[in-house]
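Dear colleague,

I am passing on the structure that we spoke about, and my notes on it follow below. Please read them with the model open beside you.

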Amino acid sequence: MIVKNPRFEISAVSKKQYPKGNLPEIVLVGKSNVGKSSFVNTMINRKNLARTSNTPGKTRQINFYNIDDKFYFVDLPGYGFSKMSKKEKVISGRYIEEYLEQGKNVRLIVLLLDIRHKPTEDDMLMYDYILRTNLPFIVLTNKADKIAITKVDVEVERIKQTLGISFSTILPFSAERKIYIDNVWEELEKFL
Ligand code: GTP
Ligand code: MG
């Protein structure tokens, strides 16, 4: 897809702030610092439309990016950041659940994992939660630039086994190196 006019629309803290209308939504889910906001920037070829940071916990609200009036990328707060206070964890968890529970326009959930690590306990909880929503999802194993290219397939397969995925797509990704983008667009477009 060639994106021409992506724009930030709203940072929502409650349901009534979600955009009105019926544009399809592709939602980014994953632990803090895994690269959800970077994913958005890379896919739309903008450096800093979505705010990213080295410090986990950058995205605290639900950010909606309008992509050429065709669909939204919805950037959710990350989970599993140990330095978040208990209250902050509860709040970000509630944002994620409140959003996914309504799911009215959600066409696809993109679960981002770190290709270098075994999915964490929080990742597994989130994966189970996603299964229970019955919404379509794919898994992207991000930061593929951090491992040798020859290891990529092996690590993707290992994560696939850990999750027990048999019916859904799992692909490598690198928001940093902008490789694999075409594969991912191809996958996303199936759901739009
Ligand atoms: P929260 O907003 O805290 O939930 O984090 P996030 O998932 O949005 O992560 P973000 O996009 O802010 O990225 C976190 C850090 O990881 C930043 O320093 C990014 O530059 C870096 N990063 C993201 N994707 C990649 C990648 O594919 N490769 C490498 N090497 N670094 C990446
Ligand atoms: Mg973020």
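**The ligand and its surroundings**

In this predicted model, ligand 1 is surrounded by 23 residues, a residue being counted when one of its heavy atoms lies within 4 Å of the molecule, and the closest are Lys36, Ser38, Gly57, Thr59 and Asp145. The model is a predicted one, in which local features need pLDDT of at least 70 and side-chain atom pairs count only at pLDDT 80 or more, while totals for chains, interfaces and linings use all residues. Residues are numbered from 1 along each chain as its sequence is written, chains are lettered from A and ligands numbered from 1 in the order in which they are written, and side-chain values use heavy atoms, with hydrogens and water left out.

By type, the shell around ligand 1 divides into 3 nonpolar, 13 polar and 7 charged residues, where Ala, Val, Leu, Ile, Met, Phe, Trp, Tyr, Cys and Pro count as nonpolar, Asp, Glu, Lys and Arg as charged, and the others, Gly among them, as polar. Helix H1 (residues 36-44) gives the most to this shell, with 3 residues; helices here are DSSP runs of H or I with at least four residues, and strands are runs of E with at least two, numbered from the N terminus.

Which side chains have polar atoms at the oxygen atoms of ligand 1? An N or O atom in the side chain of lysine 36 is 2.6 Å from an oxygen atom of the ligand, and an N or O atom in the side chain of serine 38 is likewise 2.6 Å from a ligand oxygen, while for a polar side-chain atom of serine 37 the distance is 3.0 Å. Taken alone, ligand 1 exposes 650 Å², of which the protein buries 90%, with areas from the Shrake-Rupley method and a 1.4 Å probe.

Helix H1 is mostly covered, since 8 of its 9 residues are buried, that is, under 20% relative accessible area, as against over 50% for exposed and in between for partly exposed (1.4 Å probe, protein chains only). Among the buried residues of H1 are Lys36, Ser37 and Phe39, and just after the helix asparagine 45 takes a positive phi of about 60 degrees.

Lysine 86, by contrast, lies in helix H2 (residues 86-102) and is exposed, with a relative accessible area of 72%; its C-alpha atom is separated by 27 Å from that of phenylalanine 39. Asparagine 134, in the loop between helix H3 (121-133) and strand E6 (137-142), counts as exposed at 68% relative accessibility, and its C-alpha atom is separated by 24 Å from that of serine 37.

With best wishes

Notes:
Polar contact = N/O pair within 3.5 Å; in protein donor to acceptor, adjacent residues only side chain to side chain.
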